Amino acid sequence: MIKETVGRYQRARKREKTKILDEFVVLTGYTRHHACWVLRTWGKRSPPKHTRRRRRIYDHKVFVALREVWLICDSICGKRLAPYLKEIVPILIRHKELTVNTETAEKLTRISAATIDRLLAPERKKYNTKPRLRSESSLLNRIPLKTFSEWDRTKPGHLQVDLVEHNGGTTRGEYTCSLVMTDPCSGWTEVRAVRNKAQVWVFEALQYSLGRIPFQIDGLHSDGGSEFINDHLEKYCEKEGITFTHSRPYKKNDNFCVEQKNGNIVRRTVGYGRYRGESALKVLNELYEVLRVYVNYFQPVMKLVEKTRIGSRVTKRYDKARTPFKQLLECEQIEKEAKQVLSEQYRSLNPAELKRKITCYQQQLFRYLPRRRTRDKSGLDSVKIYSASVVLRSGRI
């Protein structure tokens, strides 16, 4: 029927074609657009083309090796991991943490960021733990104000500092805090746990962390909290020749770099639970001793180079992903002796072993979370962990 209708349709004039098309739509039930296409192209359509499947380059061996490296590097994104694979793969092979043949190792070093994200998309869903980010005195008049637009990220030494509370969602009672200090130029970060927000403990942890910075300190920048804005810290900075500045109230962009580290390092590692007491404080500091080495030597970061706005569209351009250690080695302001000390420590480190230690300390820390008794439907008592969305990373390495 279709063949006969096609012959009449193609030989007919325009008015006749309309009538034939109406009849064809009624008989076949096609839409008018599809019926017109069938009558017009019948006998003229070429056979379907068989698409040639390209041979798969990154096979299952590459995926397994890539997943191991990705877990060791704390599940970072493809844009940070791709340029870092050339450095981390030989290190893991040297420490016998990664067993691959030469062909697989070569493929790992030239895989693109988009391919990494595509291969690891199913695995990323299993470990999808996006972190959530959660006082003023008369000294503020004497301490200079510094906004986000005044930061110079070409020279290391001007540090940003902040305090992260581990209160589990309530500020009642005593709870531990984490002092986070980072350098916007290199990304070098120091973390130290303190008993509470009292300025005596914060100042002690601040001195300890400043003593571990491997370069000269020229400036210190904090928010307006009383744990930082006090006479002790002001006199200390004046004595050491450090420029002390503070940010505007409720303007986290003035302290942008350390605010990012609060989520990417502290919250990602220890979660949002409530920690208190000497035992939890001790485990936190033991965890941070390993974490600072792991983050500064084996966690590549990307710095924002350019930001342009065209109408409502914002385009951001980042530099190549490098670890804080590599950025310090490339910095001309760092002394050669300091670079040599950092390089010697770097050669002795095993990132997979550091990751295992971090996971072990995380599991120890989880035991110090407060617990409360609840009664289930059966009437039996059961113990439940009382915390605010605690997220601990899995230790499958």
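Me: Is Lys96 buried or exposed, and where does Lys96 lie?

Reply: Lys96 is exposed, with a relative accessible area of 71%, in a model that is predicted. That value counts as exposed because the class begins over 50%. Lys96 belongs to the loop that runs between helix H6 (85-94) and helix H7 (102-109). The backbone deserves attention here: the phi of Lys96 is near 60 degrees, a positive value in a residue other than glycine. Most residues other than glycine have a negative phi.

Tyr250 sits in the loop between strand S5 (243-246) and helix H12 (256-270), and Tyr250 is exposed, with a relative accessible area of 84%.

Of its 397 residues, 45% count as buried. The chain exposes about 23,400 Å², and carbon and sulfur atoms supply 49% of that area.

Side chains of opposite charge can pair when their charged atoms come close. Across the whole structure, a search finds 21 salt bridges. One of them joins the side chains of Glu123 and Arg67, at 3.6 Å from N to O. Glu123 lies in helix H9 (residues 121-126) and Arg67 in helix H4 (residues 60-72), so this pair ties together parts that are 56 residues apart in sequence. Glu123 is buried, at 6% relative accessible area, whereas Arg67 is partly exposed, at 23%.

Another salt bridge links Lys155 with Asp218, whose closest N and O atoms are 3.9 Å apart. Lys155 is in the loop between H9 and strand S1 (158-165), and Asp218 is in the loop between helix H10 (199-210) and strand S4 (219-222); the pair therefore ties together parts that are 63 residues apart in sequence. Lys155 counts as partly exposed at 37% relative accessibility, while Asp218 is buried, with a relative accessible area of 18%.

Glu306 and Arg317 also meet through their side chains in a salt bridge, at 3.1 Å from N to O. Glu306 belongs to strand S6 (residues 304-310) and Arg317 to strand S7 (residues 313-318), and the two are 11 residues apart. Glu306 is partly exposed at 36% relative accessibility, and Arg317 is partly exposed with a relative accessible area of 45%. Finally, salt bridges that share partners join Arg67, Glu123 and Lys126 into one network.

Methods
Residues numbered from 1 in each chain as written. Predicted model: local features only at pLDDT ≥ 70, side-chain atom pairs only at ≥ 80, totals over all residues. Heavy atoms only, no water. Buried < 20%, exposed > 50% of the residue type's maximum accessible area, 1.4 Å probe, protein only. Areas by Shrake-Rupley, 256 points an atom, 1.4 Å probe, with all protein chains shown as cover. Helix = DSSP H or I, 4+ residues; strand = E, 2+ residues; numbered from the N terminus. Salt bridge = Lys/Arg side-chain N within 4 Å of Asp/Glu carboxyl O.
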